[in-house]
Amino acid sequence: MKVIILGSGTCVPSLNRNAPGYYLEAEGCRVLVDCGSGTLLQLEKAGMSYKDIDAVFITHAHPDHFADLLPLIHALLVGHEMKRKKDLSLFCAKEFLEYYEKAIAPLLWMSEEFSIIAKEASDEISFGPFHIFSAGTVHSSDSLSYRFENGGKSVVFTGDADYDPRLIAHAHQADLLIADCSFPDSMKAKGHLSAKECGMVAREAEVKKLVLSHLYPSGSPDSERVNESGEIYKGNILLAEDLMEIVL
Ligand SMILES: [Zn+2]
Ligand SMILES: [Zn+2]
């Protein structure tokens, strides 16, 4: 599996950290996990293309996590130089599915060439070469984390999440945990993991590698969050950077 971090930031506009978005690829299947504003451009910068995306998994209905969904579908419908044949799948919680059907789908028209298949994410999903598990998180009423498994490897995207035993079970012995690390511990915000809590989840879940992402500006260097997590979790910790690539 290959992961590219398209956006390591949040809803706060930043020249260095785009809004949340992750690209995941295995066996020729290409998916996005979240697609905040700027995700399509970040894909281009990473040398990938919106044209190839097979599915989008939305973690929750906060705009920084889905704002580029409408532009993505619009581009797929309009693109003159390509005739898209394959369907695009959308997986999300029930609340976002209702929002999609009320607010996004009515703005779009049907393609004769392909369909957009929007589905509520069940606890276990089989998509292409991936086996995917979803689990609710402590953040908003519809927030999900996703665990993707392929070829004996696993990667967990927490989405936005607070410290929670469910998350630890969900991430158990994952090869890679990409965690909401919104703030250092001194600025802990309810509904998000602090850097120290990211370390606690990584240690208790016994993950092999921890990536700190969803980084709000805090007034102190982001690298200090690695130190805070590292006091708890003694495994491999990376600070997410936009366009960082991780191969599992
Ligand atoms: Zn959120
Ligand atoms: Zn967020």
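This is a predicted model: local features need pLDDT of at least 70, side-chain atom pairs count only at pLDDT 80 or more; totals for chains, interfaces and linings use all residues.
A search of the whole structure turns up 13 aromatic pairs. One of them joins Tyr 22 and Phe 157: the ring centres are 5.4 Å apart and the planes meet at 50°, so this pair is tilted. Tyr 22 belongs to strand 2 (residues 21–26), while Phe 157 belongs to strand 10 (residues 153–157), so their pairing ties together parts of the sequence that are 135 residues apart.

## A stacked pair between loops

Next, have a look at Phe 183 and Tyr 216. Their ring centres lie 4.8 Å apart with the planes at 10°, so this pair is stacked. Phe 183 sits in the loop between strand 11 (176–180) and helix 5 (195–205), and Tyr 216 sits in the loop between strand 12 (209–213) and helix 6 (223–230), so the pair ties together parts that are 33 residues apart in sequence.

Phe 183 is buried, with 15% relative accessible area. Tyr 216 is likewise counted as buried, at 16% relative accessibility.

## A cluster of rings

Back to Tyr 22 and Phe 157: both are members of one aromatic cluster.

## A charge over a ring

Another aromatic ring to find in the structure is that of Phe 114, which has the charged end of Arg 84 sitting over it. That charged end is 5.4 Å from the centre of the Phe 114 ring.

Note on methods: Residues are numbered from 1 along each chain as its sequence is written. Chains are lettered from A and ligands numbered from 1 in the order in which they are written. Side-chain values use heavy atoms; hydrogens and water are left out. Rings of Phe, Tyr and Trp (its six-membered ring) pair if their centres lie within 6.5 Å; planes under 30 degrees apart count as stacked, over 60 as edge-to-face and the rest as tilted. Helices (H or I, at least four residues) and strands (E, at least two) are DSSP runs, numbered from the N terminus. Buried means under 20% relative accessible area, exposed over 50%, partly exposed in between (1.4 Å probe, protein chains only). A charge sits over a ring if NZ of Lys or CZ of Arg is within 6 Å of the ring centre and within 35 degrees of the ring normal.
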